[in-house]
Amino acid sequence: MVGVHDFINKLRESFGEIELPIAIGYSEQPMAEVRKRGHCIMASMKRVRQGDVVSFSSDTIDCNGGSIYTGYGELNERVPHFVSQVEKYKCTPEAVAAAITAMQIPLAPAPYLNFARIDQIESLDDLEGIFFYATPDVLAGLVNWAFFDNTWDDAVKTVWGSGCNSTVTNLLTENRRGGHSCYLGMFDISVRPMVGRNELTFAIPMSRLEQMTDTMDKCFFNGSKAWERVKKRING
């Protein structure tokens, strides 16, 4: 895997001055002070996007769903009932439970979960992956980059779940199985107010990122007049 600074330079060459992605990783020691930061862990991403590093542990995640999706908690009857009967995001509690069970979320591999913008870390090693907050034009670049050397139907996918599911869970499960899928996310209606109205997320597991980084100089980022027009608008 390329170094952090080389990867940032490649992103700048390919996209221009876009917002840098957020790295997700587990560790034996926290990267920042560990404390409760409100009910939803995705609310803390505003600070991370601004350059702060945020760390969580099992006892500082107040959301039952967030605890499950990050690998620190087990499925209980409260979550399916709340998601179905209160939020009304699935037709029955049984449907919620079946969807979460099918995710096969592994236990958290270490006591602490860290979020940091990639220019705030020293290495891309030992991460689960990265995710971008992306406007439609940036998202078009990310999606087509992922498609460049991948002919699988699930090269880019989206699955039902919360905001932390679309980032943390998908990166954790995909990276742990050495998978090749990238994930569109932040469709969670409860989290939408924490995201720009023209933004979604695009998550790349580390099991895929190294391959994709190797294609940056070979794909449309280099020499495509169509992409140059889009890139100009991104940076306009």
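**Figure 1. Pairing of Ile24 with Gly129 in the predicted model.** Ile24 has Gly129 of E4 as its bridge partner. Strand E1 (residues 22–27) pairs with E4 in the antiparallel sense, over three bridges; two strands pair if DSSP finds at least two bridges between them. Helices (H or I, at least four residues) and strands (E, at least two) are DSSP runs, numbered from the N terminus. This is a predicted model, in which local features need pLDDT of at least 70 and side-chain atom pairs count only at pLDDT 80 or more, whereas totals for chains, interfaces and linings use all residues. Residues are numbered from 1 along each chain as its sequence is written, and side-chain values use heavy atoms, with hydrogens and water left out.

**Figure 2. The seven-stranded open sheet.** The strand order is E2-E3-E1-E4-E7-E6-E5, with mixed pairing. Strand E2 (54–57) and strand E5 (156–157) each have a single partner strand and stand at the edges, so one side of each lacks a neighbour in the sheet.

**Figure 3. Helices H6 and H7 on the sheet.** H6 lies across E4, E5, E6 and strand E7 (200–205), and runs at about 25° to E7. H7 packs on the sheet as well, touching E1, strand E3 (112–117), E4, E6 and E7, and its direction makes about 20° with that of E7. Axes are lines fitted to C-alpha atoms, for helices over the stretch in contact (heavy atoms within 4.5 Å); angles run from 0 to 180 degrees between N-to-C directions.

**Figure 4. Helix H1 and its buried face.** Val4, Phe7, Ile8, Lys10, Leu11, Ser14 and Phe15 are the buried residues of H1 (buried, under 20% relative accessible area; exposed, over 50%; 1.4 Å probe, protein chains only). These buried residues fall within an arc of 160° seen down the axis, so they line one face of the helix; the arc is that of the directions from the helix axis to the C-beta atoms. Their cover includes strand E4 (129–134), helix H6 (136–147), helix H8 (206–214) and helix H9 (225–234). The exposed residues His5 and Glu13 are carried on the face turned away from the buried side. Just after H1, Gly16 takes a positive phi of about 90°.

**Figure 5. The surroundings of Ser181.** Ser181 is found in the loop between helix H7 (163–176) and strand E6 (182–185), and is buried, with a relative accessible area of 1%. A polar atom of its side chain lies 2.6 Å from the backbone oxygen of Asp154. Not counting residues up to four places away in sequence, Ser181 touches Asp154, Ala155, Lys157, Glu174 and Pro205.

Note on methods: Polar contact = N/O pair within 3.5 Å; in protein donor to acceptor, adjacent residues only side chain to side chain.
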